[in-house]
Amino acid sequence: MFRLVLMTLLMALSSALSFSQPARLQVIHNAADPAAASVDVYVNGSLLLDNFAFRAATPFVDVPSGVPLNIGVAPGSSSSANDTLKNFTVTLEAGKKYTAIANGVVGSGFAPNPDGLPIAFTLFAADRARESARWSWFVDLRAFHGSTDAPTVGLRIRGRYTTSLSEGLGYGQFTSYKSLLPGKYVVDVTVNGGQTVVASFAADLSGLRGGAAVVFASGFLDQSANQNGPAFGLFAALPNGTVVPLPSLSTARLQVIHNAADPAAASVDVYVDGAKLLDNFEFRKATPFVDVPAGVTVNIGIAGPGSTSAADTLKNIQIVFTAGKKYIAVANGVLDPTVFTANPDAQPIGFQLFATDDAREKSRYSWLVDIAVLHGSTDAPTVDVKLRGLPFIPLFNDVTYGEFAHYKSFPAWVYVLQLTPGNSSAVVAQYLADLRGLRGGSALVFASGFFSPAANQDGPAFGLFAALPNGTVVELPALSSSQASAVPSLSTEAEEYFGVTETLPRDVALGQNYPNPFNPTTTIAFTLPEAGFVSLKVYNLIGQEVATLVDETKEAGSYNMTFNAESLTSGVYLYKLQAGGTVITKKFTLLK
């Protein structure tokens, strides 16, 4: 009924003003003043919206263009346009799309804006609105700051990848649109675009492929100073008029791993804020991921086995977890560094907690396995981790003691991981990593123990272990050279994924880059059946060359080229291979 009345009024306006091409408009009511809980909206004296509720939105509709429109906002109980509280005159351009947001407060007795911006009731409008994504496989988001007592904020989005909507968004401002792949994300609100997160909200974009939305900040940070008006929150207005609240997040996820190889710490007690969380937590054990409080300082204390209270802790570490993030915290090092071998790279080896805030409980892609690495062996040098037989695949390079190497994705198959010193290609150890049962999952592979147990209090020997999200820890079997050679060759799926060919290729071929989308680097694979001149270049969508990766004679074989797009803006680009008489072009997407 509402849409019928709305369309009837707009048709009448269109007829009266004789416009040929309309504009498109969506109106959102975001004025948090309790006196404006619902309003009536008049256009050129005619009632357009009756009892328009707070945090409600109209769908996009056609409106007259090229002529002045008087938009009046009145209390929900108004009887005519004479009752309007505020009137705005706007002239919309033909063919353009607009978002108009009614915002601010009507009366007095409200907290001022901390940046000194006016908060009186007004209409904020932005053109270049979108009813759908520019590219059908994305979701396009823009944001609006509509909380009168909130300072300038930053908006960061994290999930399948991390990006920024704005580093500094003041009250009454819109951002430009950002294109995201569908999926589940977290929106972090930061202070003045810094790193301090003051609130986090869940944003499930899984079902919005090809769509668009406006995320708007709404309500008051301090309700008691604002006539007990509605509380602060984030909401998303869809083009059809649906408004969806983004759930506030108040917890993070945490996994704890005991990897301190000091024999005196063979088992430990773990306290959180004075309460015992783990009793006799053994070396090379892990907890499953659990919920922990976010936004507050959490004290994690490590005590010896058999401790009676938090007063017995040997080490205390304070952490503030960010809501919605996933953490892995690894207890590592030795209690008395003076009686253990020093780290060859001069890294401190005292007992401490290594933590990463980019943990995963599953793979980003259901057909792959995501693996991260931690170097946790105090007497081991910086190392590289490679795949046997695939030295050109970039895996984990120059990993130093205490360092987490970011996740990489693998097809679920059997691999031989090779460790080489960071300054050498000599293989010092090989380990079997059987990922066939982990499709869609993730793991942290951590180096553990001592290279030289005899020089380290006869502590446990070096090895590689994998901690799964459910708390299971699996030792990766060490392999001799002959054992490594007997491991099955890569599956067809893995060969295609890595762009591997066992013999000289039969045809010129250009693989799809990985990862895709990417930011800012990606790998492009191609094959040549015979030697010849090769050109591999990158172009924008209007045919301008933006990068040259190869422009020389190459021998027959398989190649992997790394492309760094740091200097380019987000968008779709083309990469073209020319070899002999063959020309192959593919698309890829840069998302920053």
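In what order do the five strands of the open, antiparallel sheet lie? The order is 29-28-31-32-36. This is a predicted model. The largest nonpolar core has 28 residues.

- Strand 29 (396-399) and strand 36 (478-479) are the edge strands, and each pairs on one side only.
- Strand 36 is joined to strand 32 (residues 429-434) by two bridges, in the antiparallel sense.
- Y431 stands opposite A478 of strand 36.

- Strand 1 (residues 23-29) and strand 7 (residues 97-103) run parallel and pair over six bridges.
- Q26 has T99 in strand 7 as its bridge partner.

**Nonpolar cores**
- Within the largest core, F396, F410, L464 and L476 have the most contacts.
- Elements giving two or more residues to this core include strand 27 (368-375), strand 28 (383-387), strand 30 (404-411) and strand 31 (414-421).
- Strand 29 and strand 32 are also among these elements.
- Beyond its neighbours within four places in sequence, F396 contacts I371, V373, V383, D384, V385, A405, H406, K408 and F410.
- Another core lies apart from the largest one; it has 26 residues, including I157, Y161, A203 and L591.
- In soluble globular proteins, nonpolar side chains tend to be buried together.

How values were computed: Residues are numbered from 1 along each chain as its sequence is written. This is a predicted model: local features need pLDDT of at least 70, side-chain atom pairs count only at pLDDT 80 or more; totals for chains, interfaces and linings use all residues. Side-chain values use heavy atoms; hydrogens and water are left out. Two strands pair if DSSP finds at least two bridges between them. Helices (H or I, at least four residues) and strands (E, at least two) are DSSP runs, numbered from the N terminus. A nonpolar core is a set of buried Ala, Val, Leu, Ile, Met, Phe, Trp, Tyr and Cys residues joined through side-chain atoms within 4.5 Å. Buried means under 20% relative accessible area, exposed over 50%, partly exposed in between (1.4 Å probe, protein chains only). Contact means heavy atoms within 4.5 Å.
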